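Thanks for making time this morning. I would like to walk you through one model, taking an annotated span, then a pair of helices, and then a sheet.

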Amino acid sequence: MVENIFQSYNLVQFEAAQLYDGNKDSVGYVLLVYNLLRRQIVQLEDTKEATSGQTRRPDLKTANILMTKGFRTNAKKRVGAVPGVEIGDIFFFRMELCTIGLHAPSMAGIDYMSVKISQDEEPIAVSIVSSGGYEDDVDGDDGLIYTGQGKEMDQKLERGNLALEKSLHRGNDIRVIRGIRDVGNPTGKVYMYDGLYRIQESWVEKGKSGSNVFRYKLGRLPGQPEAYKTWKKIQLWKDGTTTRFGVILPDLTSGCETLPVSLVNDVDNEKGPAYFTYSPNLKYSKPAPKDPFVGCACNGACLPGNENCDCIQKNGGYLPHIVNAVIVSQKSVIYECGPSCQCPPTCRNRVSQGGLRVRLEVFKTKDKGWGLRSWDPIRAGAFICVYAGEAVDDSKAQKLAGENEDDHIFDGTRTYQPVEFMPGDSNNAPNLPFPLIINARNAGNVARFINHSCSPNLFWQPVLRGNSKEFDLHIAFYAIRHIPPMIELTCSYGMVPPEKADRGKRKCLCGSPKCRGFFY
């Protein structure tokens with residue numbers, strides 16, 4: 001399976017320069033491949049019976065495969081910032097930190113290296129992971145009290161502890177990665193790079209176990225973008241402790257969604273977008289053709305590896321999603337259970353039918369009108385929403401587009417642009433059973449606020465639901481990569497055929513280094 005993935009996606013081996021000193025592209029490439037491979041390993045393991053006493057760790061397995069093949073970046077340890085890693089970047093697995101050189105140990109909280117001092121060498125700390133495994137305390141917004149390594153007995157001034165002590169005297173920068181509880185996975189954590197800190201002082205005290213522990217007070221270097229501070233602010237909004245500045249409506253959906261969606265303008269005095277009716281559903285203006293995809297006869301949930309499930313067989317023998325509503329890979333179309341299936345609404349193969357899973361807000365951008373972003377961290381492959389509205393034919397869509405510049409029309413017939421997030425993938429049109437064009441001008445959901453970008457963080461995916469009466473076709477959006485809170489959610493609107501290239505061409509304001517300057 002691994003060899004097939006490497007061959008089918010034409011994965012390139014990094015040159016020595018990128019292997020040891022990366023950049024944003026190489027870091028993004030490694031993380032995308034890591035998550036693609038990890039999800040496929042999870043999908044494969046889900047079809048097998050668990051072996052007693054054996055722990056499945058696809059995160060470790062994936063990292064071992066990539067590192068064995070030399071598929072990593074920033075392999076050289078360094079003091080200070082890591083090329084290609086930005087403050088606020090998030091990760092859902094410790095092994096991701098290893099593959100991009102942000103923090104080398106897979107378990108230990110302190111990463112250190114040796115430096116030569118005259119004729120001798122001494123260790124200095126280069127990064128720490130603060131995730132609550134010890135007695136760490138946050139000291140204000142820009143500080144951290146970190147507890148040294150060692151449990152159940154007096155800690156010793158050796159290894160990581162010695163490195164932290166040496167760093168106190170040398171005053172070198174230390175990367176801090178915060179481990180925060182993952183609301184979508186109670187047993188997991190989200191790791192966020194919080195920037196550079198320096199140790200200000202250290203001391204020894206009695207820990208909760210009664211043993212002596214080393215304590216290190218670190219201060220965040222000034223002038224860095226907010227990261228952990230933003231997370232804390234969002235938590236206060238969720239708790240109702242403080243009010244989100246600029247809120248126009250606390251819930252734009254009026255209770256139509258499983259989670260509220262705030263309408264926010266903290267840029268100017270505009271009171272909201274043009275009026276529309278919020279609807280989470282897609283409606284067909286005329287009957288769709290009869291659907292040959294009838295669905296499955298599973299009385300319980302559709303289980304991975306069930307060869308008798310028609311929906312699984314339509315998807316090539318696997319469920320298209322793993323846990324947490326994460327899609328394994330992009331397809332020309334995926335088949336979900338639908339009205340004709342006998343499985344319950346909680347079936348894992350009904351991801352796009354369960355409503356919103358992250359807390360979103362519609363916000364006023366500085367130069368692109370209204371946009372969409374999330375209060376919650378989003379993992380690569382996670383389902384975001386469907387595109388709701390009214391299915392229309394091409395002639396009506398063109399008429400609507402001519403009437404209003406802000407047309408809120410989604411054209412599912414367009415070809416995908418060359419997609420950097422799926423290495424080696426081709427520039428093909430989606431394989432739809434019929435042209436699906438959705439008008440969300442008068443009625444729609446949050447998807448109508450997703451702006452175009454030439455370097456998007458979402459991709460759209462055709463979804464066909466089992467329905468014996470008619471075609472039940474939808475468009476679902478998924479995350480290309482991990483997306484930190486308060487980052488705008490964007491997608492590519494796709495390319496039109498050459499004969500339509502003169503219609504609806506507009507100036508692109510996405511600001512990406514790879515911006516083509518226009519979109520359709």
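UniProt, in an unreviewed entry, lists residues 504–520 as "domain: Post-SET"; its positions follow the numbering used here, feature names are shortened, and annotations may be inferred rather than shown by experiment. Please keep in mind that this is a predicted model, in which local features need pLDDT of at least 70 and side-chain atom pairs count only at pLDDT 80 or more, while totals for chains, interfaces and linings use all residues. Residues are numbered from 1 along each chain as its sequence is written, and side-chain values use heavy atoms, with hydrogens and water left out.

In residues 504–520 the end C-alpha atoms lie 5 Å apart, and the span is 0% helix and 24% strand (helices, H or I of at least four residues, and strands, E of at least two, are DSSP runs numbered from the N terminus).

Turning to the helices, α3 (residues 24–46) packs against α4 (residues 58–68) at an angle of about 130°, their axes being 9 Å apart; axes are lines fitted to C-alpha atoms, for helices over the stretch in contact, and angles run from 0 to 180 degrees between N-to-C directions.

In the sheet, which is open and has 4 strands with mixed pairing, the order is β12-β19-β21-β20, where strands pair if DSSP finds at least two bridges between them. Because β12 (282–284) and β20 (409–411) stand at the edges with a single partner strand each, one side of each is left without a neighbour in the sheet. β20 pairs with β21 (residues 437–439) in the antiparallel sense over 3 bridges, and Ile409 stands opposite Asn439 in β21.
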